[in-house]
Amino acid sequence: MTALPRVAGRTSGSARFKLGMRSLVGGVTVIGAHGTDGHPVGLTATAVSSLSADPPSLLVCVNRQSTIAAALVAGAAFSVNVLTEAQTDVAQAFGGQRPVRGTSRFAFGNWLRSADSEVPLLHGCRVAFECVVADLHDWATHHIVIGTVADIHFFDAEAGPLAYADGEYKVIRPLTPGT
């Protein structure tokens, strides 16, 4: 194996890191909760992962400066809504790519309130997970939130998923056999 030569001035700074991470394809979700002021809050996130099947749990990473952060620190229930390829407008609204803020973001999509936890659920997404904060850890600029899944709502599981890579939203299609 040949070693790569060291390049003078090369760094692993955050801009370079972000550029590299754009190569990682992520599923697009909207995390929703009741804010500490009683109004719904949410953000678009690709930093979501299954953590355990027993108990069913998810790992979600959110910036500590986001509007949803205080609710999660306070232990609020939250939802993870997995978007379809037809919900790019929702992803953009909650991701800051549209000129809307706060509760105005919920004008994008058909939002319901869970009967049990009252978290916002996006009707028409592929699936929505209702979660309870089980643990929370801080790392640099983010909270790492472990959520135990309390309920699962399948809305449109057959719809094509929305993905994010190379700095833009993408659709996923099956490969043709033999390619």
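Reader: Which side chain does K170 meet in a salt bridge with E168, and how far apart are N and O?

Author: Happy to start there! Side chains of opposite charge can pair when their charged atoms come close. A salt bridge here is a side-chain nitrogen of Lys or Arg within 4 Å of a carboxyl oxygen of Asp or Glu. In this case the side chains of K170 and E168 meet, at 3.3 Å from N to O. K170 also forms a salt bridge with D166, with the closest N and O atoms 3.5 Å apart, and D166, E168 and K170 are linked in a network.

Reader: What should I know about the model and its numbering?

Author: Residues are numbered from 1 along each chain as its sequence is written, and this is a predicted model, where local features need pLDDT of at least 70, side-chain atom pairs count only at pLDDT 80 or more, and totals for chains, interfaces and linings use all residues. Side-chain values use heavy atoms, leaving out hydrogens and water.

Reader: Which parts of the chain does the pair of D138 and R64 link?

Author: D138 and R64 form a salt bridge at 3.9 Å, N to O. The pair links distant parts of the chain, 74 residues apart: D138 is in strand β9 (residues 127-139), and R64 is in the loop between β5 (56-63) and α2 (69-73). Helices (H or I, at least four residues) and strands (E, at least two) are DSSP runs, numbered from the N terminus.
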